[in-house]
Amino acid sequence: MINFAVIGTNFITDRLLKAAEHCAGFQLYGVYSRTAQRAKEYAARYGAPKTYTTLEELAADENVDAVYIASPTFLHASQSLQMLNAGKHVLCEKPIASNTSELKKMLEAAQKNNKVLLEAMRPVFTPGMKAVEEGMKKIGTVRRVHFTYCQYSSRYDKFKEGVVENAFKPELSNGAIMDIGTYCIYAASYLFGKPKEMKAVGVQLEGSIDGTGSVLADYGDFLAELVYSKITNSYQVSEIQGEKGCMIIPHINIPEEVKIRYYTGEEECLFAEGLQDDMQYELNRFMGFMNHKEEKEIKIYHEASLNTMWMIDEARRQLGIKFPADLN
């Protein structure tokens, strides 16, 4: 069994623990919260025997093998570094860091301590994304990519009333590109790598936070359009357009359906099975890396995380969006 501790007692941790029911070898051992009552309540709900109210307690517990971090983004780097340096493997929620500088330090710590660090970018570990990768061989030379994820935030109404919740706080390294845009950017980075050039445009809200934006990435032989928003909804699909056909992915953040429409008029379904408890795939992959240390394969995900972070940094530079974390 692999003993896990969790940092973060929110809905995303709930989803992970629900998905963990499908993961052989997973054992929830400990829960961290700043308040003892919250830690005890959450631990009791999921049957964890240990609770912690300081990160030092958690880091010092030799029974903990791995830590899942689902805290606000501005804390990801410091908490990951503390756990890695204490000899824990780390599965960290997306976006994995506030900027590239932080991510590089995290990767260096993982290598130094011979521990696994993985960004919990849920969609890329799913069977749907595997279908996307395999399907690209069928559509011919890729010429255009359009990835879109626009979801009106339930917190935006309060923002317009002058109540700024965490989702719109730059001091927490939040905003549209960090929360929503990262899905589109990571998918492009994972599938195609780092672009030769990129141009970012966006709408900046009061308080140096972005509400919506687009990134146009130039890959030389094709262009990628990455569209995201927290202040509007969209019903457009994502596409990878090749010279022989167009791959259609209705939801790039949840690739539970993938099909190709060929230019002959034929249509082929590549994947349409749905994705129940889809965080199980990232969790199983992480545990597999822990057990087998598949260095070559994990580097693929590290490279995608680095390229994603570089693109987000560059987009923020062009848009004039700065975080306090950038000064560290």
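# Loops, salt bridges and a domain interface

Visitor: Where is E294 found?

Guide: E294 is in the loop between helix 9 (279-292) and helix 10 (295-319). Helices (H or I, at least four residues) and strands (E, at least two) are DSSP runs, numbered from the N terminus. This is a predicted model, where local features need pLDDT of at least 70, side-chain atom pairs count only at pLDDT 80 or more, and totals for chains, interfaces and linings use all residues. Residues are numbered from 1 along each chain as its sequence is written, and side-chain values use heavy atoms, with hydrogens and water left out.

Visitor: Why is E294 called partly exposed?

Guide: Its relative accessibility is 26%. Buried means under 20% relative accessible area, exposed means over 50%, and partly exposed lies in between (1.4 Å probe, protein chains only). E294 therefore counts as partly exposed.

Visitor: Which residues does E294 touch, not counting those up to four places away in sequence?

Guide: E294 touches R285 and F289. Contact means heavy atoms within 4.5 Å. The C-alpha atom of E294 is also 9.8 Å from that of V116, a residue 178 places away along the chain.

Visitor: What does the domain assignment give?

Guide: Domain 1 covers 2-119, and domain 2 covers 124-279 + 308-326. Such bounds come from an automatic or database domain assignment. The C-alpha centres of domain 1 and domain 2 are 26 Å apart.

Visitor: What does UniProt say about residues 2-118 and residues 138-246?

Guide: An unreviewed UniProt entry annotates 2-118 as "domain: Gfo/Idh/MocA-like oxidoreductase N-terminal". From UniProt, also an unreviewed entry, comes "domain: GFO/IDH/MocA-like oxidoreductase" at 138-246. UniProt positions are given in the numbering used here, feature names are shortened, and annotations may be inferred rather than shown by experiment. In the model, residues 2-118 are 42% helix and 23% strand, with end C-alpha atoms 16 Å apart. Residues 138-246 are 20% helix and 39% strand, and their end C-alpha atoms lie 9 Å apart.

Visitor: How many residues of domain 1 are in contact with domain 2, and what is the buried area?

Guide: 20 residues of domain 1 contact 20 residues of domain 2. About 1,700 Å² is buried between domain 1 and domain 2, and carbon and sulfur atoms give 58% of that area. Buried area is the accessible area (1.4 Å probe) that two parts lose on being put together, summed over both.

Visitor: How many polar contacts and salt bridges link domain 1 and domain 2?

Guide: There are 10 residue pairs in polar contact, both residues at pLDDT 80 or more. Helix 1 (11-19), helix 5 (100-112) and strand 6 (117-120) each supply at least two residues of the domain 1 side that touches domain 2. Helix 1 gives the most, with 5 residues. The rule also finds 3 salt bridges across this interface.

Visitor: What makes D179 and K94 a salt bridge?

Guide: A salt bridge is a side-chain nitrogen of Lys or Arg within 4 Å of a carboxyl oxygen of Asp or Glu. The N to O value for D179 and K94 is 3.1 Å, so the pair meets the 4 Å limit. D179 is partly exposed because its relative accessible area is 29%. K94 has a relative accessible area of 13%, so K94 is buried.

Visitor: Which other residue forms a salt bridge with D179?

Guide: D179 also pairs with K230, the closest N and O atoms being 2.6 Å apart. This pair links distant parts of the chain: D179 sits in helix 8, and K230 sits in the loop between strand 10 (223-229) and strand 11 (238-242), 51 residues away. K230 is buried because its relative accessible area is 4%.

Visitor: How many salt bridges does a search of the whole structure find?

Guide: The search finds 18. Among them is K259 with E267, whose closest N and O atoms are 3.6 Å apart. E267 is at 47% relative accessibility, so E267 counts as partly exposed. R15, R122 and D278 are linked in a network of salt bridges.

Visitor: What is the peptide bond between K94 and P95?

Guide: The bond is cis, with omega about -20°. P95 is in the loop between strand 5 (89-93) and helix 5.

Visitor: What is the phi of N114, and what is that of D277?

Guide: N114 has a positive phi of about 55° although it is not a glycine. N114 is in the loop between helix 5 and strand 6. D277, also a residue other than glycine, has a positive phi near 50°. D277 lies in the loop between strand 14 (267-271) and helix 9.

Visitor: Why does D277 count as buried?

Guide: D277 is at 19% relative accessibility, so D277 counts as buried.

Key
A polar contact is a pair of N or O atoms within 3.5 Å; within protein, one must be able to donate a hydrogen and the other to accept it, and residues adjacent in sequence count only if both atoms are side-chain atoms.
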